[in-house]
Amino acid sequence: QCPECHMDLVPVEEGKPGERMDMEGQSEEEGEVQQWTCGMHPAIRSEEPGKCPICNMDLIPVESSESGSLRIPQERLREAGIESEEVAYLALTREIATSGRIDYDERRVKYVASRISGRVERLYADFVGIDVTRGEPLLQIYSPDLITTLEELKQALEISRQNGGADSHVGALAEAARSRLLLWGLSKEDIADALGAGADAYQLTIRSPIAGTVIEKHAVEGKYVKQGDNLYVVADLSVVWLIADVFEEDIGRINIGDEVVATTRAFPNRTFHGNVAFIDPYVDEHTRSVRVRMEIQNPELNLKPGMFVEARIEVPVNRYAKGLWTCPMHPDFESRTPGECPDCGMYLEEVPPGGVLALSSSAVVFWGEIPVVYVERAPAEFEPRRVEIDPAAILADNSQAYYPVLAGLMRGDRVVTDGSFLISCQAKLTGTAASAYGGALKVEPTQGKR
């Protein structure tokens, strides 16, 4: 077995007749002439030598080698701007596009109700849309019940002071009156101020329970209210909900906590970020979609409830944060513990957090429906290799498109990224034909980039 990758060693036959040495000193069978082609019209193929039916040039042989690799002179590579990079584990994401509307976060909406009956004497928050802070006065209420309770507390405290606190019954009456005031919403400081100012001048002040915006107002100055009547509705808009519909075929990829990027026409140059907070447990039978609720950060209050927005849900291709091992030769195999690959026996490698074996989308050339990449076996020597890939995903750092690799490559393989299409064209011409038709790679460096 190989001491590095733990794979079984395979036999190598040396000194076979008809072999030639490559640029690294390894043997390679000489190619056999199987077809003839035209250097100017490589689409022309013939099993016998002759003349090109288009330009009347002599046909030249096309040599095929068992290795299937392609060699290109270094100067041609520089002229064409051929570049390669290593296949590596990358943190890729896929974007699911959707649209929806902004709504209030129900957990950040507070109803302000009256805890006592009385008359509204003064309004501080006197219109809908005003911003208030936590503890800011909203209105004042004059209540006879409040005055009666304050008077009872004052008398009980006075009798207790005169008796030196010996009468426990009077102390119980004082504590009962104080508890009733606290239940009505008065603080200890409010009670102390009321006892010092006198009951006739005291009015109950109702304050905002949170910092936010008044979205409903039912209180009217001079109007009598009963205990439990709703006076205000205050909403914190620093975090809002984005309610969107996601198609049924995409809902299986989304998890709670996935990142969301939202945009709106009102602020075309701004992006708003958040996370998926809840996924409805049922599918709408008419639209075949699932409603998804997302929390969007809105510190500057730019997003307004009812506003239409577009969103992109960023779904990680590999959600494993840690503790995942995979085979370099079979990246689709995954294990929670280190060990050996059940298919080839190689030692499993630990996958970086969120990483998946990936290669640049520019490296893939499709032969019909078959994805092929060109692996750099040695300097200036390239081998076409069929790969199995998943749909393209985005690298989070630079938004570049990559294909997750399922089979055909392993970490560390160098593949052509810029100029793979030119190499694919040159691969149609091998041996003498490639030499005659070398113009396929004679382009300016700026034109060699895809």
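**Close-up views of a predicted model**

At 47% relative accessibility, Glu86 is partly exposed (buried is under 20% relative accessible area, exposed over 50%, partly exposed in between, with a 1.4 Å probe and protein chains only). The model is predicted: local features need pLDDT of at least 70, side-chain atom pairs count only at pLDDT 80 or more, and totals for chains, interfaces and linings use all residues. Residues are numbered from 1 along each chain as its sequence is written, and side-chain values use heavy atoms, leaving out hydrogens and water.

**View 1. Glu86 forms a salt bridge with Arg414.** A salt bridge is a side-chain nitrogen of Lys or Arg within 4 Å of a carboxyl oxygen of Asp or Glu. Here the closest N and O atoms are 4.0 Å apart. Glu86 sits in strand S7 and Arg414 in strand S33, 328 residues apart. Strands (E, at least two residues) are DSSP runs, numbered from the N terminus. Arg414 is partly exposed, at 31%.

**View 2. Arg312 forms a salt bridge with Glu95.** The closest N and O atoms lie 3.4 Å apart. Arg312 is in strand S22 and Glu95 in strand S9, so the pair ties together parts 217 residues apart in sequence. Glu95 is partly exposed, with a relative accessible area of 42%.

**View 3. Asp280 forms a salt bridge with Arg291.** Their closest N and O atoms are 3.2 Å apart. Asp280 lies in the loop between strands S20 and S21, and Arg291 in strand S21. Asp280 is buried, at 11% relative accessibility. Arg291 is partly exposed, at 41%.

Notes
Helices (H or I, at least four residues) and strands (E, at least two) are DSSP runs, numbered from the N terminus.
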